[in-house]
Amino acid sequence: MKSHKLLKERNIYLNQLKAFQDTEPVKIVTGIRRCGKSSLLKLMQEHLLNSGVSKDQIISINFESLAFQEMSYKDLYTYVKERIKDERRYYLFFDELQRIKQWENAINSFRVDFDCDIYITGSNSYLLSSEYSTYLSGRYVEIKMYPLSFKEFITFHDYELTEYQLPIGGTKKRAVNKQGDIVELKDLFDAYMRYGGMPGIAEIGFEQDKAMILLDGIYSTVVVRDILEREKRRGQKQINDAELLRKIVLFLADNIGNIVSLNSISNTLVHENMVENRAKQGKPATQTISSYLGALKESYMFYDIKRFDIKGKEYLKTLSKYYIVDIGLRNYLLGFRDRDRGHALENVVYFELLRRGYDVAVGKVDTLEVDFVASNAHEKMYVQVTESMRNESVRDRELKALLKIPNNYKKMIISLDKALDDEYDGIFVEGIIDWLLE
C-alpha cells in the first residue's frame, strides 16, 4: 500500500514501538491530527505479521470510522472479548481512542483479563490528563509524534540524498529524484519552509492550491472537532466562541518565537480591533484566553516553551514563547511572507530538537536571551538560530549571549547563511540544512 511505503522512513517512531513490544506498558502515540499516527499503527501491525504473529491475533479499531462511533467502553470490551479465542497473546490497536467515554475502564480490563499488548493513538493530550493517567497509574509509555522532519520530507517526496566531491576538498549533499533529476537542497528546504511537514502534502506534490486545501482541512478538524465539539461534550462553557479561538490562533501564529503573556494577547486583540462586538463586555478576560490557549496546546497545534535562568539555574514562572506544530499551517493561516524568516527557522529548529529527544527551554543570561537550552540524559547545549552570520552586528549579537554563559557545555549557532567560519571562540556555527540532515 502506498501510504505504508511512504512511511517506511519514519523509523524514529516505529523503532520506539518495537522497543516496547511485548512489554507491560500501554503504548500511547500522541500528536496533531494527520501527522501519521494511524499509518504508524498499520506499520506496527505489518511488523508483527512479518515477525510471525498470526493475523487473527491482531485486533484493530479506528474510532474515526462510523462503524465504531456509537461504541461505549462496555461495547468495546465485548467486541474485543468475542475475538479473543485462546491463550495466545493478542495485539490490540485503538486509533483515536479519545472518542470513547471512559475508555480507560476498557483498557484496564484488557490488561487484567487477557494476555495482550496494547497500542493507542490520540490527537488530544486530554487523553493523558491527570484524571486519565491515574487510571493507568504510570503503566503507559507516550510516543510523541510530529509532522515530517526535513530529512523525512525529502524521502517522502521521493528524493534520495547523495554526496559529491567538492573541487576545493570535502563533500556536499544534494538530492536526486527517481528520474535522475538533481535538485539543490536549498530548493527543497524552501519547499519545506513553504508547505511544511504534514505527510499528506507528499501525496499531492508541490501544488500550492491543493496544499492549502489540505491544510485548511487539518486546521478545521483540529479547531472544530477537537476543540469546540470536545468542549461541548465535556460540558465546558468556556470555549464556545469559534471566532475568538481563530483570533488567538492568528495571534500565536504571528508571534512564534516572541515572548507573550495573557495580557499581551488580550491587549493586542482589543487594540487591533480583532475582537468585535465586545465593547460592552470589555476585553476578553485573561482566564478565558488561558482556557483557549490550554485547548490549543491540548490539540498539539501550539507548544509553549518555558524560560530558564542559566546563571540562577531555575525556571522562570512568567512569560512563555509559543511555536506552531507545522510551518505549513502557519503559512496557511497568515499567507506566505519573508519578513520574519528568522522566527520561522527557530520554529523548525525547536521541533527538530524535540524529535531528537531533547527537553527544550528558552535561556536567559543576565538581560540577554539564548534561543534554546536543549538537554537530555547525556548532554546539554545552548543554541542560537539566525538567518545569516554574514552581517557583523548580527554576528556579534548572536555570539554575545553565548559568550556570557559561565559553563563549558556545547554552544552553537544554527544559520541559514553561515558564512565561512565554522567556529568563533569555541562556539560552533552550522548551516541549518546540514544540521537538519545529521
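An open sheet of nine strands, with mixed pairing, runs in the order β9-β11-β10-β12-β13-β14-β15-β17-β16. The model is a predicted one, in which local features need pLDDT of at least 70 and side-chain atom pairs count only at pLDDT 80 or more, while totals for chains, interfaces and linings use all residues. Residues are numbered from 1 along each chain as its sequence is written, and side-chain values use heavy atoms, with hydrogens and water left out.

**Exercise 1.** Determine which strands stand at the edges of the sheet, and what follows for their sides.

*Solution.* Begin with the terms: helices (H or I, at least four residues) and strands (E, at least two) are DSSP runs numbered from the N terminus, and two strands pair if DSSP finds at least two bridges between them. The edge positions belong to β9 (259-260) and β16 (423-424), each of which has a single partner strand, so one side of each is left without a neighbour in the sheet.

**Exercise 2.** Find the salt bridge of lysine 321 and decide whether each partner is buried or partly exposed.

*Solution.* A salt bridge is a side-chain nitrogen of Lys or Arg within 4 Å of a carboxyl oxygen of Asp or Glu, and the side chains of lysine 321 and glutamate 369 meet in one at 2.6 Å, N to O. The pair links distant parts of the chain, since lysine 321 belongs to strand β11 and glutamate 369 to strand β13, 48 residues apart. Buried means under 20% relative accessible area, exposed over 50%, and partly exposed in between (1.4 Å probe, protein chains only); lysine 321, at 2%, is therefore buried, and glutamate 369, at 30%, is partly exposed.

**Exercise 3.** Classify the two partners in the salt bridge between arginine 397 and glutamate 398.

*Solution.* Their side chains meet at 3.0 Å, N to O; arginine 397 is exposed, with a relative accessible area of 53%, whereas glutamate 398 is buried, at 7%.
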